[in-house]
Amino acid sequence: MEKLIIDSISKSFNKREKRNILDGINFKITKGEMIAITGPSGSGKSTLLNIIGCIDFPDEGSIYVDNIDVKSLSMKEIALLRNQTFGYVFQNFLLLPQYTVYENIELPLYYRKTNKKTQKKDIMETIQYLGLSELYNKYPSELSGGQQQRVAIGRALVGKPDIILADEPTGSLDQENGKMVLNYLKDLNSKGSSIIIVTHDHFIANQCNRIINLVDGKIKDI
Amino acid sequence: MNLKYLYKYNIQYKGRWFFVMLQLIISITFINWGVHSYISSYKLYKNVLSISQHNDVRIFVNNENESKLRSFYDFIQDLPEVTSIATYLNRTNYIPELKTDTELFFVSNELLSKYHLEPFQSSTDIYISENLNNTNLQKLNLPIADDKKQTVIHREFNIKKNLSSNIILWNGGTTSLQGAIYDKQNFIIAPIQNEQLNGKKYIERMSYNSIITLQKNSSFEQFNSKVNEYLSLNNISAKVYTIEQMIDQIKKQNSTLIFISISLGIILTCLSMIGFIGIIFMSIKKRLTDLAILYIHGSSISKLLLSLFFEFTCQLIIASSISYFISYLLTHLINDTPISLLTFGISSSLFFIIGIIITFFIRNKLSRTELIRSIKEVY
């Protein structure tokens, strides 16, 4: 069953020049799939990932999450969708500097009206899983790059989302930390989460079930 | 509503928060000052207007000897156009306290005949309203401060007549006069004290603080020509004004002051607003990435806007309260007319309205495109 359907998506940033950053993108993602989106710089990888994650919206075409057209949802429902269905990992971590490790991981749960005790339990489990137990009270500025990316992964997975979107997750890390991050993503995938990774790294792309290669906003090959 | 984020952000950037607060406090204090100046000027003008009937005439006499003045006022009170002659204390002190429906007359023995009342034989003679007796009079005068013992309680009065209208005695002192005014009496007949009646004080006061009420149908021009004729014959230097002319003169006298106050108020308001808008935009620009992170993880743009609006409102309320306190102290120390709550309300509302307008403007700054751009800028 398809978790995500990307249907003829187009997006342009400069509408006067009509240069499409994405041009008629079509593909489907099933539950538990791990996909890599590759392509040269400026090919529209990150834009596509933003659109998939409902951070941005296409000019044309539709995205279906669990067969629901995102276009039909209100802004409030889309915010809820971002919060509950997707987990995000970014190249530069995008952690809130004034939050501790614990609070950064807690962020997606903050917008959910669930039991605080359960939330705390989930956060502590996540912290343990990522080996951050001794750092939970530290601020991002006190952590190494690898540790910060682990916190970002923790924030992405704490809400148990169905899809994890990772934009160059190893781009700012050394090889060792990069491997570690990849292992976490693979582990999450093995537990049933769909993973979409935007990457330049062929090694990472080769670990995925499918590779979508974007060139000039179009899918060159899958 | 991202309250936790707002709290954490402002705790982390305490210095920035204090800077913003300081700027807001200074701005609002200046605005308070501007609005206060404007309101004070307006009140002064309105009070002058309110104590005078439109058929009132003012005569300003330059320093003349007492006997000349006495015969001048005798001449005026005998004119058929004149209904009454009254005076009041220092204009600037007196007017703000006077209720708009209060008429106050300082009446000499001679002038009492104008009201068909028997002239006073001594300073202990009074007229009181018919529902008052001596006990009530004491009670009535309880709020009267310093000189109540001299003027009311320890003096035996000869009640000449009970009057049907609501009348209260005033026997000369400024403090008891204020007390009487605060009792909201709408009509006061005050016997002039002996030293005022016979001495120079009354006549002096008459020379610069007199209100002469003309008969309703009488002509000011006719009255004016008679008075001017008398003045030139007796070689008295004086000027006669209608109340309209008087108000125009006050307006002219105060116009520069009002102009400066209002201009200063407007300039300071504009500067403060520019500063305030700058603060908000800078504050948003500095944390666009933070807001983008909140947006990605489940907050909506409307929630982010609401959070920022809430933050600005809190800052405004705190800054307004502090600046009100400062403005109160300043105005109280400088011109003894403390800033009113109305002024405070106006200046704070001004900022609040601007805050709402700015929120609509920052809607563009907080667009999805800007948020996404801010994420990319981090790379």
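This is a predicted model: local features need pLDDT of at least 70, side-chain atom pairs count only at pLDDT 80 or more; totals for chains, interfaces and linings use all residues.
Trainee: Why is Lys3(A) called buried?

Mentor: Its relative accessible area is 6%. Buried means under 20%. Therefore Lys3(A) counts as buried.

Trainee: What makes Lys3(A) and Asp66(A) a salt bridge?

Mentor: Their side chains meet at 2.8 Å, N to O. The cut-off is a Lys or Arg nitrogen within 4 Å of an Asp or Glu carboxyl oxygen, so the pair qualifies. The pair links distant parts of the chain, 63 residues apart. Lys3(A) lies in strand β1 (residues 2-14) of chain A, and Asp66(A) in the loop between β4 (60-65) and β5 (68-69) of chain A.

Trainee: Is Asp66(A) buried, exposed or partly exposed?

Mentor: Asp66(A) has 33% relative accessibility. Exposed needs over 50% and buried needs under 20%. Asp66(A) therefore counts as partly exposed.

Trainee: Which residues are linked with Lys3(A) in a network of salt bridges?

Mentor: Asp66(A) and Asp162(A) are linked with Lys3(A) in that network. Over all chains, the search finds eleven salt bridges.

Trainee: How do you know that Glu125(A) and Lys121(A) form a salt bridge?

Mentor: The closest N and O atoms are 3.6 Å apart. The limit is 4 Å, so the pair passes.

Trainee: Why are Glu125(A) and Lys121(A) about one helical turn apart?

Mentor: Because they are four residues apart in helix α4 (residues 116-129) of chain A. An α-helix has 3.6 residues a turn, so residues three or four places apart point the same way.

Trainee: What makes Lys160(A) and Asp122(A) a salt bridge?

Mentor: The side chains meet at 3.4 Å, N to O. That is within 4 Å, so the label holds. Lys160(A) sits in the loop between α5 (145-157) and β7 (163-167) of chain A, while Asp122(A) sits in helix α4 of chain A. They are 38 residues apart.

Trainee: Why is Lys160(A) called exposed, and what is Asp122(A) called?

Mentor: Lys160(A) has a relative accessible area of 56%, so it is exposed. Asp122(A) is at 16% and therefore counts as buried.

Trainee: Where do the buried residues of α2(A) pack?

Mentor: They pack against β4, β6 (86-90), α3 (101-110) and β7 of chain A, together with α13 (288-296) of chain B. Helix α2 (residues 75-85) of chain A has Ile78(A), Ala79(A), Leu81(A), Arg82(A), Asn83(A) and Thr85(A) buried.

Trainee: What makes a set of residues a nonpolar core?

Mentor: Buried nonpolar residues joined through side-chain atoms within 4.5 Å. The largest such core has 73 residues. Ile37(A), Ile52(A), Ile196(A), Leu291(B) and Leu371(B) are among those touching the most other members. Helix α2 (residues 14-50) of chain B gives the most to this core, with eight residues. A second, separate core of 34 residues includes Leu95(A), Ile105(A), Leu173(A) and Leu182(A).

Trainee: Which residues is Ile37(A) in contact with, beyond its neighbours within four places in sequence?

Mentor: Among them are Leu48(A), Ile52(A), Ile196(A), Val198(A), Ile212(A) and Leu214(A).

Trainee: Why is Ile326(B) called partly exposed?

Mentor: Its relative accessible area is 31%. That falls between the cut-offs of 20% and 50%, so the label is partly exposed. A nonpolar patch residue needs over 30%. Ile326(B) belongs to such a patch on the surface, along with residues including Ile322(B), Phe325(B) and Leu329(B). Together the patch has about 700 Å² of accessible area. Ile326(B) lies in helix α14 (residues 301-335) of chain B.

Trainee: How do you know that β1(B) and β9(B) pair?

Mentor: Pairing needs at least two bridges. β1(B) and strand β9 (residues 238-242) of chain B have five, in the antiparallel sense. Val57(B) has Thr242(B) as its bridge partner in β9(B). Strand β1 (residues 56-61) of chain B is mostly covered, with five of its six residues buried.

Trainee: How much of each chain counts as buried?

Mentor: In chain A, 56% of the 222 residues. In chain B, 47% of the 379 residues.

Conventions:
Residues are numbered from 1 along each chain as its sequence is written. Chains are lettered from A and ligands numbered from 1 in the order in which they are written. Side-chain values use heavy atoms; hydrogens and water are left out. Buried means under 20% relative accessible area, exposed over 50%, partly exposed in between (1.4 Å probe, protein chains only). Helices (H or I, at least four residues) and strands (E, at least two) are DSSP runs, numbered from the N terminus. Contact means heavy atoms within 4.5 Å. Patches are made of residues with over 30% relative accessible area and no salt bridge: like charges are joined within 9 Å, nonpolar side chains (Val, Leu, Ile, Met, Phe, Trp, Tyr) within 5 Å. Accessible areas come from the Shrake-Rupley method with a 1.4 Å probe; for residues, only the protein chains shown count as cover.
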